[in-house]
Amino acid sequence: MSAHFDTLETRSADERAAQQLQGVNAQLARYGRGPLGDLSELTSLPVLRKSDLVEAQQKNPPFGDIPVGEIAHVFQSPGPIYEPGGTSHDWWRMGRFVHAAGIGKGDIVQNCFGYHLTPAGMIFENGAQAVGARTVPAGTGQTELQAQAAATIGVTGYAGTPDYLKVILDKADELGLDLSRLTKAVVSGGALFPSLRQEYADRGITCLQAYATADLGNVAYESPAMEGMILDEGVIVEIVTPGTGDPVAPGEVGEVVVTTLNPDYPLIRFATGDMSAVLPGQSPCGRTNTRIKGWMGRADQTTKIKGMFVRPEQVAALVSKHVEIDRARVIATRSGEQDAMTVQIETTSADIGKFEPSVVETLKMRGKIELVAPGALPRDGLVIEDQRSYD
């Protein structure tokens, strides 16, 4: 098997940027918009949030105002939100990840992702087809039957959530079934804890994970180097301050915003609601694209304080009102039996009074204001921190 899925994985940074710019401009043309001169101009475009997509789909079902191309399926995810799917070669770009996991012709993959309404099962089946592997469309549940099928068929690979593989393996042990031919696993949709990965490794199973969504397909994936997650070649990823479209500094934690280059479903600056950060350097496996640290929590830090919701967008609005503010952080605490709010502001100014009206106007309540030096706030992606105990 070739070390890489295709030559896109080893492009130079300049070559990748030029081709991605061409792809973005093709997507913009589908919306009737003019081209960008540089990828940095992406930040001038609005962020598309899932709530925006739901609202647009309700007005114009099933896909809202997105200029959808050739598709074969319509899926429904919780929300509800509708996503298209295609059957053409590697439509969700999952083949790149499946290939990186060592799966190819001659492999039989037991696909334990759901096939009912949601697209996960089809996403991974499409990826297996892209590398010439066969699939067992097992879906979820009926663990005893799954274990028996895996043993009888001679399954060599698994696709599904990280923890369900252990359920199947344990059931096979209980039934005295031999699953020793199963040596490769591709997982997503949940946390792959190091202890669980090690348990699989102790059984002779190499387990790699991907970061994918129903809307976007593959966003990033692990290679055998297991150092961060490599961005897929069919997307452009930005890491931004939650509630805004403003990029964070390299290495800082922020919200993952993705532009997909899939011509059949052109999502531009789609906010995933997930948090991550860029890893410096290049993967030892030889793939040259940017790496991220993987899933690091949710960006929706909306918190109710004194009976009022405070949202990341409000914190961003506060920052934008004053050129003296570098960034801000809202902290929710308890004082006695009442909620309390502290607003920490990074600034060189020493005048709290100039910020008080903006705090009340944007956050809709009064709170303590603390002025801190630029760079003093943690670069952990949080703009709203809830320190209250709910025990």
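## Labels and cut-offs

Author: Let's start with T244: a polar atom of its side chain lies 2.8 Å from the backbone oxygen of T241. This is a predicted model, where local features need pLDDT of at least 70 and side-chain atom pairs count only at pLDDT 80 or more, while totals for chains, interfaces and linings use all residues. Residues are numbered from 1 along each chain as its sequence is written, and side-chain values use heavy atoms, with hydrogens and water left out.

Reader: What makes that T244–T241 pair a polar contact?

Author: A polar contact is a pair of N or O atoms within 3.5 Å; within protein, one must be able to donate a hydrogen and the other to accept it, and residues adjacent in sequence count only if both atoms are side-chain atoms. The T241 pair sits at 2.8 Å, so it falls inside the 3.5 Å limit. The T244 side chain also has a polar atom 3.0 Å from the backbone nitrogen of D246.

Reader: Where is T244, and why is it called buried?

Author: T244 is in the loop between β10 (235–240) and β11 (254–260). Helices (H or I, at least four residues) and strands (E, at least two) are DSSP runs, numbered from the N terminus. As for the label, buried means under 20% relative accessible area, exposed over 50%, and partly exposed in between (1.4 Å probe, protein chains only). T244 has 12%, so it counts as buried. Beyond four places in sequence, T244 is in contact (heavy atoms within 4.5 Å) with V47, R49 and A316.

Reader: How do you know that D232 is buried?

Author: Its relative accessibility is 1%, so D232 is under the cut-off. D232 is found in the loop between β9 and β10, and its side chain makes a polar contact of 2.6 Å with that of R93. Sequence neighbours within four places aside, D232 also touches R96, N218, V219, A220, Y221 and N289, as well as R93.

Reader: While we're on the backbone, what makes the P61–P62 bond cis?

Author: Omega for that peptide bond is about 0°. P62 lies in the loop between α2 and β1 (73–77).

Reader: What makes a set of residues a nonpolar core?

Author: It takes buried Ala, Val, Leu, Ile, Met, Phe, Trp, Tyr and Cys residues joined through side-chain atoms within 4.5 Å. The largest such core has 43 residues, and F97, F124 and V237 touch the most other members. Several elements supply at least two residues each, including α2 (50–59), α3 (95–100) and β7 (206–213). Helix α4 gives the most, with 4 residues. A second, separate core has 22 residues, among them A147, A151, L165 and L192.

Reader: And which residues does F97 touch away from its own stretch of sequence?

Author: Beyond four places in sequence, its contacts include F124, V186, V187, L208 and Y221.

Reader: How far apart are A130 and G336, in sequence and in space?

Author: They are 206 residues apart in sequence and 60 Å apart in space, C-alpha to C-alpha. A130 belongs to helix α4 and is buried because its relative accessible area is 16%.
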